[in-house]
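Subject: Structure handover

Hi,

Here is the structure I promised to pass on. Have a look at it first, and then read my notes below.

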Amino acid sequence: MIRIAHISDLHFGFEHRKDKMEKVIRQINEIEPDVVVITGDLTLWGIHEEFKNAEEELSKIESEVFVVPGNHDGRNDGLKYFDLYFGKRKRYMKIDNVALIGVDSTLPDSDDGYIGREQRDWIAERIRGNCIHIIAMHHHVVPVPHTGRNMNVLIDAAEVVEALSIYCRGAIVLAGHRHVPYSTKLLRNHIIHAGTASSYKVLMPDNNYNIIELDESSLRLKLRFVDLGEIEIGKFSIKPETPESIMKYHKLSITKKILFLSRKNSCRSKIAEVLFNSLSPMNMHSVSAGTSPENSVDELARSVMDEMGYALSEPRKLSHEMREDAYYTVSFEEEIDADEHWKLARPRNLEECKKLVKEIEERVRDLIGRLLIL
Ligand SMILES: [Fe+2]
Ligand SMILES: [Fe+2]
């Protein structure tokens, strides 16, 4: 079992309650958690003295400390002092099968939060199968109710939640910021907010923090008041569930390049390309290419397509990049490697050519339907 103490919004400086902080640290040292996660707002104004005092006090914690900055820490260019006293703003740590990933959700001198593509990719790179992933950040990915301003402030919250749902198969997200403890489940993710451990700005009966106990299959969450004891919030299963609906939305929105391949006499792939692009949804595009240098479109196909209002240009020669870029490949000859083969004979006369165009159109329609969520 892994035990985590999750504290937040300490606000060293004018707002800080030294008495509460001292008690929190004493209590944590008694609990002996495997790690203490601090989800930001160590200071009030991001100034040097506040960071210095925070570091001095937090060094009394006997367990490992895992800390990320909050919006108050970014005030007045304060993150340089965060770096000075607490080191990296993005951090990674592993305890048994629990991976802790900390990110910086602050924007300079702004109360809004933003993770950004670079950090989202950084998170994705640290996802390992079979691990329980805990993502620590200051800003919340869902609005926290009953906080006065029940709004969301993480600009790319939707992207973050989707990335966690897809890559981690569900993560535990620890956040702070609103000074109100709260937890909820969103898709596969457990979202857990800590209140404030030691600020005067407390919207609860007392300052508080979270105790999280993790084992292979469950998460137990307890809310610990500094002077009023402990309340068990709940025990939740952390077995990955499968809301596949999110993957369907994701797949629908991916742009897809389809490659039609043939060897000599590229009329079949060229017809498929032209028909596909005329029937194509907004996010799909097809190209065709011949694998033989002397490939060309024959006049028969050109005249049939011309009659239907389509102009057939000369085929392109297949390049390595075309293969690399392709989301899906279709070939007309079995010896050409592709995701699927369309066994259609080359036409020898006008009738056969017209029949071929009809057949290709049917197959293209079918392919588009399948590609939507492929
Ligand atoms: Fe705060
Ligand atoms: Fe904050």
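Let me start with one alanine. Leaving aside its neighbours within four places in sequence, Ala124 is in contact with Ala163 and Tyr167 (contact means that the C-beta atoms of two residues, placed from the backbone, lie within 7 Å). Ala124 and Ala163 are 39 residues apart in sequence, yet their C-alpha atoms are 7.5 Å apart in space. You'll find Ala124 in helix 4, residues 116-125 (helices are DSSP runs of H or I with at least four residues, strands are E runs of at least two, and both are numbered from the N terminus). With 14 other C-beta atoms within 10 Å, Ala124 counts as partly exposed. For that term, a residue is buried if 20 or more other C-beta atoms lie within 10 Å of its own, exposed if 12 or fewer, and partly exposed in between, with C-beta atoms placed from the backbone.

Before you go further: this is a predicted model, where local features need pLDDT of at least 70, side-chain atom pairs count only at pLDDT 80 or more, and totals for chains, interfaces and linings use all residues. Residues are numbered from 1 along each chain as its sequence is written, while chains are lettered from A and ligands numbered from 1 in the order in which they are written.

Now the overall layout. The protein chain splits into domain 1 (2-245) and domain 2 (255-371), with bounds that come from an automatic or database domain assignment. The C-alpha centres of the two domains lie 53 Å apart.

Six strands form it in the order 3-2-1-12-13-14, with mixed pairing (two strands pair if DSSP finds at least two bridges between them). Its edge strands, each pairing on one side only, are strand 3 (64-68) and strand 14 (229-237). Strand 1 (residues 2-7) and strand 12 (residues 208-214) run antiparallel and are joined by five bridges; Ile2 has Leu214 as its bridge partner in strand 12.

Helix 3 (residues 79-86) has Tyr81, Phe82 and Phe86 buried. They cover an arc of only 105° around the axis, so they sit on the same side of helix 3 (the arc is that of the directions from the helix axis to the C-beta atoms). The face turned away from that buried side carries the exposed residues Lys80 and Leu84. Helix 2 (48-58) and strand 3 are included in what covers the buried residues of helix 3.

Which residues of helix 10 are buried? They are Cys353, Leu356, Val357, Ile360, Val364, Leu367 and Leu371. Their arc around the axis is only 100°, which puts them on the same side of helix 10. On the face turned away from the buried side are the exposed residues Glu351, Lys358, Glu362, Arg365, Asp366 and Gly369. Among the elements that the buried residues of helix 10 pack against are strand 15 (256-262), strand 16 (284-290) and strand 18 (328-331).

Strand 15 is largely enclosed by the rest of the structure, because five of its seven residues are buried. Strand 15 pairs in the parallel sense with strand 16 over seven bridges, where Ser286 is the bridge partner of Ile258. Strand 15 also pairs in the parallel sense with strand 18, over four bridges, and there Phe260 has Val330 as its bridge partner.

Cheers
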